[in-house]
Amino acid sequence: MTTIARASAVRAPAAAAALLSLLDEPRAELRAHALRRLRDVVDDEWSSVASSVSAIEALYEDETFEGREDAAMLASKVFYHLGELNDALHYALRAGEKFDVNEQSDFAQTLAATAIDQYVEKRQALTMEEALGDAKKDGIDEKLVVVVERMFEWCLSDGQYFQAIGIALESKRLDKFEEAIARSSSVSDCLSYSMKVCTSLVSVRGFRQHVLRLLAKMYASLSEPNFLSMCQCLMLLEDADGIAEVLSKLIAGEESEQLLAYQIAFALFENDIQPFLNRLNEVVTEKAISADEQADGGSPISKLRSILSGERPLALYLEFLHSHNHADLLLLKKVKAAVETRNSVCHSATVLANALMHAGTTCDKFLRENLDWLARATNWARFSATAGVGVIHRGRTKDSRQLLSQLLPAPSPYTLGGALYAMGLIHTGQPGDALPFLLERARGNNNEVIQHGACLGLGLAAVGTGNAQVDDEMFRILRTDSAVAGEAAGIGLGLLYAGSCTPRAKEIHQYCGKTSHGKIVRGCSLGMALTVYGREEDGDDLIEAMIHDGDKIMRYGGCLAIASAYAGTGNNNALRKLLHMAVSDVSDDVRRSACMSLGFVLMSTPEQCPRVVALLAESYNPHVRYGAAMAVGVACAGTGMPEAIALLEPMMNDPVDFVQQGALIATAFVRIQQSEKQLEPFRKKVLGHIQDSHETTMCKMGAIMAQGILDAGGRNVTVGLRSKTGRPRMTSVLGMMVFTQYWFWYPLSYFLSLVFVPTAFIAVDGTLNMPHCSVTSHCKPSTFAYAAATTEDDKKDDGKVVKAVLSTTAKAKAKADKKKAEAEGTEGMEVDTAVKSEDKPAGEDAMDVETTEAKKEGGEDEKKIDLPEPSSEELTNPSRVTPAQEKYVRFDQGSRFVPIAVSASKCHTRSFIVLRDTDVGEEIAYVDAQFKPVEPPAAPAAADDDEPAPPEDFEFDPDAEDRGF
């Protein structure tokens, strides 16, 4: 240290001490001068000044002292350096203009953040009426309000609009929220940001609804109203009348407005809030009737209703999945060959894998080719196998009766019950004529297996409708106190009243206290959880009653109720309850359920889930580890998130078999529809578990299920728990929640089919048909290509035992062959070649043969192989577009068909897209439908195939009899 530096270091404390001594002077001018000078040196000499902080505080308390604000500012800085931020803020607020929140210093920014935190905390403690009222009458310290108001003004003047919007939402200041959007340089961007923040971060449902209402009003007030986003807000508000009014206005306008109405209807369908869609369809129908609009099949209102009802979207999905089915039957046969015939668990898992791999594709070839193998399923395994038919043909609502006609009159109650369950899976959310048929079968049978299938089918078909007839019938079956039928009745009632928070749930809760069957209690507890779906605080009364119940099964259902009510909200109170139960409950089932439920609550912010469950994944309790794995699988489904995969990989080698099972299933959820380059190692691992004869049954079952999930829907679907807007999809969340109960009751695993959502580019025009058009994927085709199909050579040597051959034996054999060849006049070179080929493995032989055959085909193929891979690919309508691929897909400039939606500039090239034709008057070529529904049964043919054709029409003349005719 230099002499000058040492001198300044000595002078500084001396100067601070001299200034502090002036604080005791009787003259006020000297004390004020000392305070002003101390403010300049306090950042360096705060430790010396801290010894006199009481004297500084006393100066502030002296109301006659003119330098009170300087004293308050100095005290604030001293407490800031001491780490007492609340005391520092207290004095900073009393420093008046001396405290500049815009100052670019750590002191000012830290205290400004502390002020905002305190203000937000006080505002959130207010009731909803107080928070939405006059901010000047909320009882909060005016000095604190002034600082926050100055912070707002600084954000707006500096262009920090997103920051101002965030503070306004956290502090529940709707006036500042509206002002920040109105004063922004880009109102549309701020509205989009506000929409995203409101739906993902605002945890209080009541306040969120007020924000959405304000956003809907602001969207409508734009110079060019954004009807698409406006209807999204109204949908979250469950305002069917408001959306119906918008749609009616658009559908009565010009062609472009009608196309926009169709796009809005498709967007509402994709969000999958089933009760709301049913209500909206009813309101639109009522408005059409009151306006005397034509309702023929080609009218705009009829097309709109066909979208809202799900009829047209499901038909388009069905056509896409049927025509683009890439399920690998040889791979499925390989799994079948690896499964022991006597292992019923793996047999049932293989049947499930087939159903998932062909979900919605209508392809039941594997079942038809393996009827003898399938016939080994008995009792409940037969029930499940029959239900798989409904998964394969899901969405075929028009011909479901003809499709299942061979199964419905079956003598076995397990086949009949499974067929009724299958009909429910086909008609999920689309009751049609299936509802009266299922009701008739439920009323006409007292067999508990048939009633079990009928209750599940009724719940699926009438999901979210609250149908009174279905309610009466399922309550009747519930009160018969049959364990098997009662469990399904409880689940069915939950599906029927999903998201309604019905008072019926209390009646179900009371009945659970009277029955002695654990299966009924489990089914009813799950049903009660489904009734509070998405209700958040409205379901707290039922949740509290369930999680504090003495019965562990009811507490298990209480965890699921929290997951259902707060799905996708990330609510801190819900997370706190679940984490507490995950580590403190005495029941392993409850702890496992609590861990799984974390995934449902965090599904809208998947990046948080691995961090939250990281410690639980290392628990000594295997049930907790299983729950943590499933939580990551649910929250991060379809994301391919590296953090999630890193957490799950060690669990696939867990010493406990059911933890391995959960990790394999969860990894399949996370990795579904990722690029094949990333998937290849996991595919090999899954197949290794399946083919390992020494693998445990539970692990092998999980591997088979994971295989079915990876290739689900002909490799054209993903796990769609979230819509494109990030909101939970009701049917998918309910399906996943019921699927997790396969732990207790395996037939419920087929609910997983409700989770799958096709990932496709499906474009329609004003006729709601698919015109011939295309988009360009600006990446190499191999990046998002389908997985290569298994070939016969890949499975040729499966299961064969390779005989070991000693080297001496091989040499002796080669020597003998050489002598024989020389005797026959054969050249030695060919023998050497033959010997070398024998030493090669079978796979290399096959490769050599393929190479030789390829060379024989000519040089043109070799030239094709050497060609560089193109950098883009044309995707025709319809085509698979995975979520990761969407950002690379664009409409070409100059295309005849362009999207009608405003969001077209934001890469909206996945799911349903309504197109506008720029060449009006030109003939449009449409995509030919490849799927053909089952024709109704024809009249029985005559016994004699050679019967001549009937005579031509003629007139009978009675007088002609006399002439011999």
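## Basis of the model

Helices (H or I, at least four residues) and strands (E, at least two) are DSSP runs, numbered from the N terminus. This is a predicted model, in which local features need pLDDT of at least 70 and side-chain atom pairs count only at pLDDT 80 or more, while totals for chains, interfaces and linings use all residues. Residues are numbered from 1 along each chain as its sequence is written, and side-chain values use heavy atoms, with hydrogens and water left out.

## A negative patch

Helix α2 spans residues 28-49 and contains Asp-44. Asp-44 has 64% relative accessibility, so this residue counts as exposed. The terms are these: buried is under 20% relative accessible area, exposed is over 50%, and partly exposed is in between (1.4 Å probe, protein chains only). Areas come from the Shrake-Rupley method with a 1.4 Å probe; for residues, only the protein chains shown count as cover.

Asp-44 belongs to a negative surface patch, together with Asp-43, Glu-69, Glu-97, Asp-100 and Glu-103. Patches are made of residues with over 30% relative accessible area and no salt bridge; like charges are joined within 9 Å, and nonpolar side chains (Val, Leu, Ile, Met, Phe, Trp, Tyr) within 5 Å. Asp and Glu count as negative, Lys and Arg as positive; His and the chain ends are not counted. The place of a charge is NZ of Lys, CZ of Arg, CG of Asp or CD of Glu.

The whole structure holds 37 salt bridges. Each is a side-chain nitrogen of Lys or Arg within 4 Å of a carboxyl oxygen of Asp or Glu. Glu-179 takes part in one with Lys-176, with the closest N and O atoms 3.5 Å apart. Both residues lie in helix α10 (residues 174-183), three residues apart, about one turn of the helix. Glu-179 also meets Arg-183 in a salt bridge, at 2.9 Å from N to O. This pair, too, lies in α10: Glu-179 and Arg-183 are four residues apart, again about one turn of the helix.

Lys-176 is buried, at 13% relative accessibility. Glu-179 is partly exposed, with a relative accessible area of 25%. Arg-183 is partly exposed at 37%.

## A link across the sequence, and a network

Asp-239 and Arg-213 form a further salt bridge, at 3.1 Å from N to O. Asp-239 sits in the loop between α13 (227-236) and α14 (240-251), and Arg-213 in helix α12 (residues 205-220), so the pair ties together parts 26 residues apart in sequence. Asp-239 is buried, with a relative accessible area of 18%. Arg-213 is partly exposed at 42%.

Leu-222 lies in the loop between α12 and α13. At 23% relative accessibility, Leu-222 is partly exposed.

Strand β3 covers residues 760-764; five of its five residues are buried, so the strand is largely enclosed by the rest of the structure. Ala-760, Ile-762 and Val-764 point one way, Phe-761 and Ala-763 the other, and all are buried.

Two strands pair with β3, where pairing requires that DSSP finds at least two bridges. With β6 (residues 879-880), β3 runs antiparallel over two bridges. There, Phe-761 has Ser-879 as its bridge partner. With β9 (residues 911-917), β3 runs parallel over four bridges. Ile-762 stands opposite Phe-912, and Ala-763 opposite Ile-913.

Strand β9 is mostly covered, with six of its seven residues buried. It also pairs with β8 (residues 897-899), antiparallel and over three bridges. In that pairing, Val-898 is the bridge partner of Arg-916.

## A three-stranded open sheet

Another group of strands forms an open sheet in the order β5-β4-β7, with antiparallel pairing. The edge strands are β5 (873-876) and β7 (889-890), each pairing on one side only. Strand β4 (residues 774-777) is joined to β7 by two bridges. Ser-777 has its bridge partner in β7, namely Val-889.
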